Amino acid sequence: MSLALIFLSTGPAEEPPYPSLHRTLGNHDDLTRFVSDHFYLGLPRIRSPPVAAENKGGGGGGGAKKALSREEEILKLIKAGDRNGAILKAIELYNLDVSAIKGTPAYDKLVSGEGLTSPDGKVTIGDDAFSSPGWLASSIGHEALHAAQLQDGRWNDHPESRGLNEVEAYDYEIANASQNGLSDKEVAELTSRREAEYKQLPQSARDRVDNGDYTPPAKGDK
Amino acid sequence: MLSLTLSLPQRSFAPDDTLPLTAALQNTGAAPLLVNARLALNAPSAPAVFREVELRITRGGDAAPLPFQARVNIGAPQPESFQLLAAGQEITRVYHVGSYYGLTAGLYSVAAVYSNRQDYERGSERAWQGEVVSDAVTFEIGAARPA
């Protein structure tokens, strides 16, 4: 039996990640719009619609250099092995708000998966984030949201906190999927991860999330 | 049969050290084993599909392990995550423990648990499933120097 079949399929036969929403929402665009409209009031977002990056190499001398798209600019850095450069360029070209992150997000080959936010607010980005420029931007945004949760006091050691923080970060990525230019496959992957985290939460926490409240209980609460 | 061993480059660390912990997963049996070689470290509360390794860190004589404090964005293992380990062969992975836990001055003990619950087949080989626990290693974090 294929691993992908077990864990990565998001086909219609599976239980949907948003049980209460899927009765009326049929596809990723609808889901993205719904999450964007209902779950992201007041949370950090991409600040403005993405724009193609200008090629700054011409010096105004009338050379007709073709402007590289933001994707091309970042891909160029990734292909050159400049992963830290790609991170900085993604932050710039996708207008990511990383103000809550302590220091500068940096590549770390030892990090498993896409990224890691440490309890001190530092962010490190792993190899899996570099599969596409949009995925890189989305993954940085995911960690930036964790840093914001930490800064805002919505991250603690309560057993529900980690899962709530992750569901919120995946909802953030899904809500910004169009702006980041994510593919259907990438959105399906985010939806699958969100579903796995959501299912781990107790019903009371799921109910809060369904109402757009991702706040974890205080550390000492039952 | 698998075994898991932890090692640290030294016993004492400064408060701002990254604390590089090496985990070695070895096939101690006589036949090759197909294993989930990703060895992703994540919280015990994370869905099983998002982790292969969890750490149990205790401080001083405390019985309760410290809470895993980082947030890790990771998906399910992919087919390329699985490797055939020959008899006696091992795979290693380094974790910067200081990135996952807020550790202050004191004496600590750390053990690790490797687990794989993913059913995966490659040819005639089926991935090993189960759990293996390492022995504990101890380390010390010194007091911060006065500014």
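Chain A holds nine helices and three strands, and from the N terminus on its elements follow the order α-α-α-α-β-β-β-α-α-α-α-α. The model is a predicted one, in which chain A is joined by chain B, with 28 residues of chain B in contact with 30 residues of chain A. For the complex, the predictor gives an ipTM of 0.94 and a pTM of 0.83.

**Confidence**

- Chain B has a mean pLDDT of 96, with 99% of its residues reaching 70 or more, while chain A averages a pLDDT of 80, with 71% of its residues scoring at least 70.
- Over residues 1–62 of chain A the pLDDT stays under 50, although the model has 84 contacts beyond four places in sequence for this stretch.
- Where pLDDT is low, the predicted coordinates should not be read in detail.

**Chain A and the nonpolar core**

- Chain A has 222 residues, of which 41% count as buried, and among its contacts with a separation of 6 or more, 60% are between residues 24 or more positions apart.
- The largest nonpolar core has 79 residues, and those with the most contacts inside it are A:Ala86, A:Ala90, A:Leu136, A:Ile140 and B:Ala23.
- Helix α5 of chain A, which covers residues 133–151, gives the most to this core, contributing nine residues.
- Leaving aside residues up to four places away in sequence, A:Ala90 touches A:Ile74, A:Leu96, A:Pro133, A:Leu136, A:Ala137 and A:Ile140.

**Where the chains meet**

- On the side of chain B that touches chain A, β6 (71–73) and β8 (90–96) of chain B each supply at least two residues.
- The residues on that side of chain B divide into 16 nonpolar, eight polar and four charged.
- Strand β2 of chain A (residues 115–117) and β6(B) run antiparallel and are joined by three bridges, and A:Leu116 stands opposite B:Val72 in β6(B).

**The sheet of chain B**

- Three strands of chain B form an open sheet in the order β1-β3-β8, with antiparallel pairing.
- Because β1 (2–7) and β8 of chain B stand at the edges, each with a single partner strand, one side of each is left without a neighbour in the sheet.
- From one strand of this sheet to the next, the twist averages 20 degrees.
- The antiparallel pairing of β1(B) with strand β3 of chain B (residues 20–27) extends over six bridges, and B:Ser7 has B:Thr22 in β3(B) as its bridge partner.

**Two residues with positive phi**

- Most residues other than glycine have a negative phi.
- A:Asn95 has a phi near 50 degrees, a positive value in a residue other than glycine, and its place is in the loop between α4 (83–93) and β1 (106–107) of chain A.
- A:Asn95 counts as partly exposed because it has 17 C-beta neighbours inside 10 Å.
- B:Leu19 likewise has a positive phi in a residue other than glycine, with a value near 60 degrees, and B:Leu19 lies in the loop between β2 (12–13) and β3 of chain B.
- B:Leu19 has 22 C-beta neighbours inside 10 Å and therefore counts as buried, since a residue is buried if 20 or more other C-beta atoms lie within that distance.

How values were computed. Residues numbered from 1 in each chain as written. Chains lettered and ligands numbered in written order. Predicted model: local features only at pLDDT ≥ 70, side-chain atom pairs only at ≥ 80, totals over all residues. Contact = placed C-beta atoms within 7 Å. Helix = DSSP H or I, 4+ residues; strand = E, 2+ residues; numbered from the N terminus. Nonpolar A, V, L, I, M, F, W, Y, C, P; charged D, E, K, R; others polar. Pairing = 2+ DSSP bridges. pLDDT = per-residue confidence, 0-100. Core = buried A, V, L, I, M, F, W, Y, C linked by C-beta atoms within 7 Å. Buried ≥ 20, exposed ≤ 12 C-beta atoms within 10 Å, placed from the backbone. Axes fitted to C-alpha atoms, helices over the stretch in contact; angles between N-to-C directions.
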